[in-house]
Structures are given as structure tokens and as C-alpha cells.
Amino acid sequence: MTITPTPTAFTFTGVTVTFGEAVVLRDIDLEVPASGITVVLGPSGSGKSTLTRLTNRLLDPTSGSVSLRGTDVRDLDVLELRRTVGMVFQRPTLFEGTVRDNLAATGLENEPTHTEMLHAVGLEPDYLQRDGSTLSGGEAQCVCLARALLMRPDVLVADEPTSSLDHASTLALESLARDLAADGVPILWVTHDLAQVERIADHRVTLEEGRVVQA
Amino acid sequence: MNGPVELVGAVASGMLVLVAVSVSWWAGLRLERDLITAALRAAAQLALLGIVLVAILTPGQPLILSWLWVAVMIVFAGWTVQRRVPAVPRIWLLSMGAFAASAFVTLGVLFGAGVFPVNSTTVVPLAGLMIGNSMTATVLVVRRVTTEFKDKRLEIEARLALGQPSSEAAKPYLREALRTALIPQIETTKAVGIVFLPGMMVGLLLAGVTPLDAVQAQLVIMYLVLGSVAVTTSVIALGLRRILFTEAHQLRLPVGS
């Protein structure tokens, strides 16, 4: 997929999402810059996770549109889009099998690349043989990040990636995110932790009850 | 006596339903009404089947009547599946397709290989056995797939987020659901003859068929059921993948599943 350099990574235009009677996002207009870490802050139920799921079309908006670097995501091949937008979920979600199996789930089975990516997230190469179920929450989330980065995504979307981690693992993951942003990968990072916002945010957006109240 | 059981005997066996009702009442299970309803309904349905079979099996009746009755069985089985898992959209159509595919394959093999002759006394009973057993496995696999997808939603979406197509993202979970649906049938097949005597074989023995002939017939039936359950559940699993994902490879779980 050819990505044209633009000042915005994602553009949300008039985005509304409803589930039955419930309105989760209401007429969102938002631009996510194509550099640095943009933090989306808001209480539980404010629509933060729903916002992230729109970026790679795990969900489509009920109305409005989402663009990646100026192109409506619905006009892109959805599988290509998902390889372009790396995603890390709130809970470390490892698949059954070893760390190698998890990394190979990207379709990329080159072992030196796996080792390189594990190194990038601070894990030793011998982790490749470890069973995913034996890892700590922090280690598992690092593997999830390595898995997402393996596809060399153009943008990274992280939905409260540190919510189930201890403080040391949280700081380590934040440091990795900062390095990644410095390498030119824009990050959309969701959190409800104000202290974390202070530590990592280059740009911030606040959501409340499905509306952008500050951007 | 025309058959192995006279009408008086069939009515007398109803005493056993009373035994079950008494146990339910004694143990406070509150299943008395369900037991009586089930027993009366079974009697009514079998009586209806008897009337239909007399009509179909009368010598000289065209074979098309048997196939029409098979079609009615497929529609009714699909409707039963829909009733048991109402939250899954279009499951009636999918089940009917699966039963029809299974009938085509399994009856095609049995009739094609000349195991049984194609006539009105074989088509309806064999199709009935096949559809009845497949129906139970179908309900099991539909429930299992929807539960598995619900429980593993995060994992499935994590796979989709890596750019896996829905067919690939769903594969490990469909495989698990299919295994769950097939294992009871495999266990039944393994235990046959040692742990229990299947109903059909008992029926044949009571009807005076020699044990060797009854065993041979039962073996064919066991294989028929095994094959039909495998074909039906595979079609159902493949069809469910189309129902539970959008064209944009998005997971859409039925509400209330």
C-alpha cells in the first residue's frame, strides 16, 4: 500500500457509532497528527476503544468516515489496511503456542526478523521457544507489540496497552513507544491514566460520553 | 401378533413413562409435565409417521413420494435447529443446506455402492436416521461455535488486526468446535456392541432377524451416521463463518447467543 506523506495520520469526519439504542460515539471530528504520540484520554465508557477499532475497520462507523492519510479506509483493501495499522489491545492477547508461533501468525516466518523484533521490545531471543501461557502480563504485552511491529506498520494504535501491567512494565512499554515515535511511526495511544498522559503525550484528545471535549 | 410388539404392549410400555414421572415427582425435579408432553408428542409423531410410512411403503407407490418425505424431514430438522439456536441468523437455511449435502453424500455412497437397493423401504428410514443424528450434532456445533467465538473474541480480533482473513482467523476456533461435535459420535461408535446395543439392532433382533444380519445392518448404519455427522457439521461450520463475519472480515456475533 502506498502511503502519501500528509500532516494527519487519521481523520475522523462526522463519525457516529451506535449499538442498538446506545450511541457510543457522537459526531466526532478529529485529526490525529502523523507524528508523535497522540493520547486519547477519557473515562470508561467514553468511546475510546470504539474509536481505535474504527482505524483498522474492526468496526465501521454508523455514519461519517475515517481516513488514513487522506484516503477513506473503506476505499483501501481491508487486509492491507490492517497490516498498515498495527494494533495492540488492552489485554495481552497471545494465541495458543510459542512466542515464535505468535510472531509467525503475522505471516512473516523469518527467524532473524523475529529475534530482531523481540530485541526491539526488550526480550531475549530464547523467548522464541517459550510457551505464550508461561509469560508474565508485561512480557506477553511486549510480544503483542513485537507481533504488531513485525509488519512494519505505518501507524500504531494502542488501546490502553498498559492497563494490566505493573509499573515497571508500563514504563518499559512507554519507553518503547517513545522510541518508535522518534523513529517516525505515529502512535494513537488510548489511556485513562492522567500521569501517563503527562509522561508520553505529544498531542492529546479528551473524550467524554462519546464526544470530543478537548483536542 | 403381526410384529414384535402389539398395540397393547406399546400402551403397557407407557407404564415406564409413569415410572419416570414418579421419579421426577419424588425427587422434586418438576419435570412431570415435560415428561408427559414429550411422551405424548413422541406417540403422536410416531403415529403420524406410521400413517405416512404406510402410504409411502405400500407396493406400487412412486419413489418420488419417499424423496418428498425426505425433503419434509430436512425442512422440519432445519426448523428444529432454528428453534434451538434462535439467535443465529439464517441458521434454518444453512442447516437445511447441510442436511441436504449430507444426504446427497451419504445416501449417494450407500445407494451408489449398492449397499442397499434404492426403494421406498430404504430411502425414508436411512434418511431419517441420518438427519436425526446430524440434527443433534448440528445444534451442538452451532452452540459451540458461537460460544467459542464469544469467549475468544479478543483472540479472533487480534488475528484479524494482523491482517489475517476471516477464514484463517476463525480456523483454530472452528476446528475446536468441530472436534467437540464429532467426539461424542466417535465415542459412541467405539462403544457400540460392548457398552450398549443400538436401538436399530435391538429392533431388528426383536423383529426376528438373525444376529449376524442385525450386526451387519447396524455396522452400515453406524458408518452412515458417522459420515453424515461429519459432513453436516463441516458444512455448518463453513456456513457459520460466513454468517459470523462481514465481507470486510469483521466479527459480528449474534445478540443473545
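## Chain A: burial and build

In chain A, 44% of the 215 residues count as buried, meaning that 20 or more other C-beta atoms, placed from the backbone, lie within 10 Å of the residue's own. This is a predicted model, where local features need pLDDT of at least 70, side-chain atom pairs count only at pLDDT 80 or more, and totals for chains, interfaces and linings use all residues. Residues are numbered from 1 along each chain as its sequence is written, while chains are lettered from A and ligands numbered from 1 in the order in which they are written.

Seven helices and ten strands make up the secondary structure of chain A (DSSP runs, H or I of at least four residues for helices and E of at least two for strands, numbered from the N terminus). With a radius of gyration of 17 Å, close to the 17 Å from the globule rule for 215 residues, chain A is as compact as a globular protein of that length; the radius is taken over C-alpha atoms, and the rule is 2.2 Å times the number of residues to the power 0.38. Its C-alpha atoms fill a box of roughly 50 × 35 × 35 Å along the principal axes.

## Chain B: two domains

Six residues of domain 1 of chain B are in contact with eight of domain 2 of chain B, contact being C-beta atoms, placed from the backbone, within 7 Å. The domain 1 side of that contact has five nonpolar, one polar and no charged residues (nonpolar: Ala, Val, Leu, Ile, Met, Phe, Trp, Tyr, Cys and Pro; charged: Asp, Glu, Lys and Arg; polar: the others, Gly among them).

## Helix α5 of chain B

Buried residues of α5(B) include Ile91(B), Leu94(B), Phe99(B) and Leu110(B). Among what covers the buried residues are α4 (64–84), α6 (120–151) and α10 (211–244) of chain B. After α5(B) comes Gly114(B), with a positive phi near 75°.

## Where the chains meet

The contact between the chains takes 13 residues from chain B and 18 residues from chain A. On the chain B side, seven are nonpolar, three polar and three charged. The model scores ipTM 0.92 and pTM 0.82.

Notes. A residue is buried if 20 or more other C-beta atoms lie within 10 Å of its own, exposed if 12 or fewer, and partly exposed in between; C-beta atoms are placed from the backbone.
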